Structures are given as structure tokens and as C-alpha cells.
Amino acid sequence: MRVLILTNEFPPSVYGGAGVHVAELTRALRDRVELDIRTFGDQDHEQPGYRVRGYPNPVGVDAAPELLRPVLAAFGRNLAMAADPPAADLVHCHTWYTHLGGLVIGQGYALPLVVTVHSLEPLRPWKREQLGSGYDASAWVERQALEGADAVIAVSEASRQDILDHFDVDPARVHVVHNGIDALAFGPDTGTEALKRHRIDPKQPYVLFVGRVTRQKGIATLVAAIPHLDPRIAVVLAAGQPDTPELAAEVEAGIAAAQAQAPTRRIHWIPEMLDRSTVRQLYTHAATFVCPSVYEPFGITNLEAMACGVPVVATRVGGIPEVVVHGRTGLLVDVPPEGFTDGDPDVASALAASINELVADLARRTGMGEAGRERAIDQFSWTDVANRTVAVYEAVVA
């Protein structure tokens with residue numbers, strides 16, 4: 001089978017969970033199908049049965065209003081991808097950034113269309129801060145793709161229900177394939193070089209956040225929780241790629257305020273993207289990993305932490321409860337049924353209480369960490385993800 005993959009992220013340019021998913025999925029698929037991978041960038045790599053091509057930013061986009069440029073740039077790249085005739089049996093696209101390409105290729109070359117949903121625009125209204133009216137364009141193309149696709153892959157049961165709630169899609173066409181984890185790449189790493197480099201004391205318990213500076217990940221909620229933490233607990237924020245300068249400034253001001261309230265508390269903000277070995281050491285030595293997401297279809301960082309033997313404290317939203325087992329591999333924090341806004345003081349207080357509870361009990365943390373790694377290995381392999389994805393391919397081609 002020949003599969004055309006469209007993605008905005010692909011190594012070496014990976015900054016989020018969707019990029020990790022595509023990188024790991026295509027690695028696991030290489031011995032099962034022929035792959036033509038088209039991505040945003042300048043990649044150009046070819047082997048028998050495997051081709052990666054990057055598509056640069058189209059000329060002329062800079063003349064558009066600033067907030068509209070990311071959408072127009074994505075659409076321009078999509079059309080360039082579609083202009084190269086594919087030799088494929090189906091097209092599989094990831095995130096709204098490539099949905100236009102999937103639609104044009106599916107219609108223009110009469111190929112079945114498969115779409116993997118990593119998040120949904122109707123559930124991310126804060127994206128308007130980043131895209132302005134371009135958010136309406138991204139939401140429009142997402143709707144066309146999901147409602148026109150031959151198969152839609154959701155990364156969790158919760159995400160599948162969100163798709164059915166917000167789009168006119170036949171339930172029989174929506175399949176659940178969870179994300180996976182490479183338990184060899186993510187495992188306990190007792191080295192401390194990365195901690196020393198960032199001046200983190202491995203002997204002091206710290207809570208760790210790994211993710212982008214975005215409303216979706218709830219980083220403002222975590223920052224609001226810091227003053228409620230036991231003063232002996234340090235905080236490490238491996239947080240880069242802010243959605244907007246305004247959000248970056250808001251987080252910076254929140255950290256400064258938390259630091260002023262407790263001058264002796266160590267707060268480490270690492271704003272740059274980190275290599276895997278550094279992140280692995282940060283996970284391993286953390287007292288707990290924290291995932292305060294406002295919206296989370298899956299939450300792949302929770303799996304990374306679990307694979308490194310670290311318990312998780314997370315908000316009970318989206319697909320997180322399908323990964324983190326409350327009381328066994330971590331603690332889940334209840335949120336209002338209608339959801340919450342990033343920075344919500346009540347959620348922040350509850351988050352801090354769960355962190356304090358877990359950090360205070362070393363034996364419990366150790367047991368949860370061991371159970372988390374076992375669950376990650378047993379339940380979330382990329383081999384299984386690839387097998388289930390191929391099953392979807394075979395169904396739509398048939």
C-alpha cells in the first residue's frame with residue numbers, strides 16, 4: 001500500500017504532540033507501507049519506499065494582515081503539495097494546517113481521505129488571539145475535511161465524542177487510535193547533567209511542566225497554583241513557543257508575582273525547545289509531572305512522564321483519564337462540568353492541593369511511578385498504533 005502523509009510538523013521541526021505522533025507513526029509504518037511524506041519546511045530525503053519533502057513558505061504572504069499570514073501560508077503550502085501528483089492509494093493528513101491539501105488531493109486525484117484529529121478548532125477559541133479572523137478560516141477548512149473524509153481517526157474516546165458532538169460525521173467513520181510512546185527513548189535516566197546545566201538541584205523536590213505556552217495547556221493555571229504549593233517544592237517550567245507575545249508577558253508577570261510572594265522558592269523557566277535527553281532527565285528527577293490542560297484530546301507528555309517512572313497530576317479533561325489512572329499512576333483534578341478558563345483560581349488551588357499531597361508521600365509517588373511505566377509499556381506502543389492505523393487504511397481502500 002502507498003500512503004501520502006501531509007503534516008505541518010516533521011523532524012527536525014517538531015514542537016508539539018501532533019509532530020511527535022507523525023514522527024513516531026511514520027517510523028512504525030515504514031516496514032508496512034510505502035510512504036510519501038509532505039511537510040512544512042525544507043526537508044528532502046528519499047529511500048526506497050520512503051520519501052520526505054518539505055514545502056517552503058509561499059511568496060507574497062507577507063503582504064497580508066499579520067494575523068492572517070499563518071493561515072494563508074498553510075493554504076499556499078497545501079496547494080503546492082497538491083500540485084505534485086501523488087503515487088498513492090490514499091492521503092492521510094494531520095491537523096487543520098494540512099486539511100486543504102487533503103481535500104484538494106482527495107478530490108483532484110480521486111483518493112480516499114483519512115484525517116487524524118489532534119485537536120478541534122471549536123474547542124480552542126483562544127486561537128483567535130493568535131490568528132484573528134484567520135481562526136474562522138482554520139475552523140472552516142477543518143469542518144470541510146472532517147465531514148468529507150472517508151475515515152476520521154480520534155486519539156481518544158473523549159476526542160471521538162467531541163467530533164460527533166461538533167461535526168456532522170457518521171459515527172461508523174470515526175475510529176479511536178490512541179497515541180503511543182517509545183519506552184526505550186523515554187525511560188528513567190539517572191544522569192544529572194541537564195539539571196546542572198539549568199541550575200536545578202536534584203535533591204530538592206520539584207514539579208515539572210513540559211509544553212507550549214498556550215491557553216490550551218493551562219500554564220496560567222499552573223502559575224496561579226504556585227503560591228499555594230509547599231514552599232519547599234521547586235517548579236520547573238520547560239515551556240516555549242508562546243502563542244502570542246501577550247501570553248508570554250502574562251506568564252512572565254505571573255511567575256514574577258509568585259516569586260515575590262515566596263522569594264526562597266526556586267522557579268526555573270526554560271523557554272527554549274529541549275532535546276530528548278534533557279527532557280528525559282527532567283522527567284526522571286521530578287517529584288511529579290503536572291498537566292493542567294484546559295483542553296486535551298490525549299496528552300502525550302503524560303505518557304512520556306509515566307514512561308520515565310514519574311507520577312502525574314493532571315486536570316480531568318478530554319482524553320487524560322484514558323491515560324492517567326487516578327490513584328494508581330497519578331492524581332486527577334476535577335474541573336467544572338462546563339470547563340474552565342486558563343488561570344481559574346479554584347482549579348489552581350485544587351491543582352496545588354493534589355501536588356502537595358503527592359509530593360509529601362515518597363512511597364506513594366514511587367509506587368505510582370512504577371505503575372505508570374508499566375502501563376505505558378503495556379498499553380501504548382507505537383507498534384499497536386501503526387497496526388490499528390493500517391487497519392483503517394485497508395478499510396477505506398477496500
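Predicted model: local features only at pLDDT ≥ 70, side-chain atom pairs only at ≥ 80, totals over all residues.
**View 1. Asp182 in the loop between strand 8 and helix 7.** The loop that holds Asp182 runs between strand 8 (174–176) and helix 7 (193–197). With a relative accessibility of 19%, Asp182 counts as buried, because the cut-off for that class is under 20%. A polar atom of the Asp182 side chain lies 3.0 Å from the backbone nitrogen of Leu184.

View 2. Helix 1 is mostly covered, with 10 of its 13 residues buried; among the buried residues are His21, Glu24 and Thr26, together with Val22, Leu25 and Leu29. The elements that cover these buried residues include strand 1 (2–7), strand 2 (34–40), strand 5 (90–94) and strand 6 (113–117), as well as helix 10 (276–285) and helix 14 (382–397).

**View 3. The packing of helix 1 against helix 14.** The axes of helix 1 and helix 14 are 9 Å apart and pack at an angle of about 80°, which means that helix 1 is roughly perpendicular to helix 14. Helix 1 contributes Val20, His21, Glu24, Leu25, Arg27, Ala28 and Leu29 to the contact, while helix 14 contributes Trp382, Val385, Ala386, Thr389, Val390 and Tyr393. Sorted by class, the residues of this contact between helix 1 and helix 14 are nine nonpolar, two polar and two charged.

**View 4. The crossing of helix 12 and helix 13.** Helix 12 (residues 345–359) and helix 13 (residues 362–379) have axes that come within 7 Å and cross at roughly 100°, so helix 12 is roughly perpendicular to helix 13. The contact is formed by Glu357, Leu358 and Val359 on the side of helix 12 and by Arg364, Arg365 and Met368 on the side of helix 13. By class, the contact of helix 12 with helix 13 holds three nonpolar and three charged residues, and no polar ones.

Conventions: Residues numbered from 1 in each chain as written. Heavy atoms only, no water. Helix = DSSP H or I, 4+ residues; strand = E, 2+ residues; numbered from the N terminus. Buried < 20%, exposed > 50% of the residue type's maximum accessible area, 1.4 Å probe, protein only. Polar contact = N/O pair within 3.5 Å; in protein donor to acceptor, adjacent residues only side chain to side chain. Contact = heavy atoms within 4.5 Å. Axes fitted to C-alpha atoms, helices over the stretch in contact; angles between N-to-C directions. Parallel < 35°, antiparallel > 145°, perpendicular 65-115°, else oblique. Nonpolar A, V, L, I, M, F, W, Y, C, P; charged D, E, K, R; others polar.
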